[in-house]
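Hello,

I am passing a structure on to you.

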Amino acid sequence: MFNSLSAIVPMACVTAAAIAAMTAEAFRAPRERMPIGPLGIVGLIGAAISTFLLWNRNATSFDMVVADNFGLFVTWILILVGILSIAFSSPVVEREGLPLGEYYALMLFATAGMILMAMASDLLLIFLALEVLSLAVYVLTGIRRDSAVATEAAMKYFLLGAFASAFFLYGIAFTWGVTGSTNLTKIGAAIAAQSMAPSPMLLFAMGMLFVGFAFKVSAVPFHMWTPDAYEGAPPPVTGFMSTGVKAAAFAAFTRVFLAAFEPLRGEWADVVWAVAAATMIVGTVVGVSQSSIKRMLAYSSIAHGGYLLVALLAGNDLGKGAILFYLATYAITNLGAFGLIGLIESRERANDQISDYAGLWQQHPWLAALMAMFLLSLGGFPPFGGFIAKYYVFIAAVQAGYTWLAIIGVLTSVVSVFFYLRVIVMMYMTPASATPIRVPSIPAIAAAALVVTAVIVLYLGVLPAQVMDWAAASIGTIF
Amino acid sequence: MQGWLSIFIMLIVGLAFGGIMVGLGVLLGPSKPSPEKSAPYECGMPAVGDARERQSVKFYLVAMIFLLFDIEVAFLYPWAMALRDLGWPGFVQVVLFMGLLLTGYIYVWRKGALDWGADK
């Protein structure tokens, strides 16, 4: 019995840490300070070690959880996202007076759900994992209970998310009705057997599943909740959900569409093409007109979802590797940017307008330099990770014959540089306003997280070969 | 589709009959409204207030906690029925499940969600 449990060890570590955090909160006296964040980091490190030990082993638990290299690679990204989010959260939790134990417990539960989603090989389990992570993230979005913006954001996210989940579940039901199974391998076999003439019911099911995934990765036209939710949540939570949720959803998306539904590629390719193009264009064009930096980054993250869809559509070996590499780069960079926004916010002032960043360079040269670096990486400048990631995505698209999509991608990428550069121009070339941003001392843990993030972004940009090899190796195990 | 025709006719006749009766009443009947006549319940108790009152949020909390802990029984009965077939692995799983629920219970209790007194 016990050796079949090895595949669930990573999420068990994270869940144990989450439960410990919850229990600690139960026995915490009001105002008592407890190291609950570090406790969560310990759990996540345990998960990272077990993930490392599971590499190349292809462990399976319950015929539903598959710890193949693909899932493990995404799990590493998710664990890194979890650790960095917790590190970035500590000053914000303190400043806003957020409920300590609940905050970290929810973050850890969400991480466990994400890891499960990346490793699940059964549609029902994917749905369960999706719900575990979504419910935790809904609450995290509205954790600033006294803020009207946060409550509105959480409500919108919850209502639309519930709809999307219903779509997804409906898709699962129809898939089961047509193929007689919820197991991805069996579904794939059943579809391959009848791929010459797929039944309309199967196409319907596929469409429903696509809507569910497209909502979670905030692809146009299912992106409406994104700017509001990202703006209302505390910045570290925004960083967490814009990277973790996206990575987990893309992992499951890839598994379902490139493995189980691969025989029907002829049917879904055009839809994904259109959605990817719309996502890149809308994300970029609307992002240009934003004056709040959080909304701007929200639209930028929509556009990045579009680039990931391009890689998914390309679907060749290069494209599959590019998805993983892009996810890793995007996750780290975006987390860094939102972590920094969280540090710059203060209790009195939100400081989330782009104009608030005027002259940041004079007050805080290091913060300005790091912010510039993250934004340039998101925009796809060498020598940062974002450049290599975009390069691989577009090469993959061209090789797979999607030249026009690659052209749209490059053009939107150029336009997006406008709004990233606008912040940099604000920070470096505009004189500071009468009341410039004053960041109080940055706690060591958040500073360390910033440094780690910056180093990884540089490493992925300068020496991408090693990570690219890992990504390619992990893709080989499932497709 | 043949069998549905009679139901369709039935629907049409029903709608037409109801419509004609109500229409005739409006057209031919005298109309002399008074406050008593236009009250929602013409022959009942007079309304004492708005039905949309604020409820204490504690009701929702208790309902939700009840749901959560009620579900455990739904898992325990099938396990009890299959106790001998599942053996020790099943026992370990159920104990783990109960342990998790217990943690949740401790949390709910310590956080004061079960206190029904006045606000502290």
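The model is predicted: local features need pLDDT of at least 70, side-chain atom pairs count only at pLDDT 80 or more, and totals for chains, interfaces and linings use all residues. Residues are numbered from 1 along each chain as its sequence is written, and chains are lettered from A and ligands numbered from 1 in the order in which they are written.

Helix α3 (residues 69-96) and helix α10 (residues 235-260), both of chain A, cross at roughly 170°, with axes that come within 9 Å. Helices here are DSSP runs (H or I, at least four residues) numbered from the N terminus; axes are lines fitted to C-alpha atoms over the stretch in contact, and angles run from 0 to 180 degrees between N-to-C directions. The angle makes α3(A) roughly antiparallel to α10(A) (over 145 degrees). Ala, Val, Leu, Ile, Met, Phe, Trp, Tyr, Cys and Pro count as nonpolar, Asp, Glu, Lys and Arg as charged, and the others, Gly among them, as polar.

Helix α6 (residues 148-179) and helix α8 (residues 200-216) of chain A pack at about 150°, axes 7 Å apart, so α6(A) is roughly antiparallel to α8(A). Their contact includes F168(A) of α6(A) and K216(A) of α8(A), and divides into 14 nonpolar, five polar and one charged residues.

Between the chains, six residues from chain A and seven residues from chain B make the contact. The chain A side has five nonpolar, one polar and no charged residues.

Regards

Note on methods. Helix = DSSP H or I, 4+ residues; strand = E, 2+ residues; numbered from the N terminus. Parallel < 35°, antiparallel > 145°, perpendicular 65-115°, else oblique. Contact = placed C-beta atoms within 7 Å.
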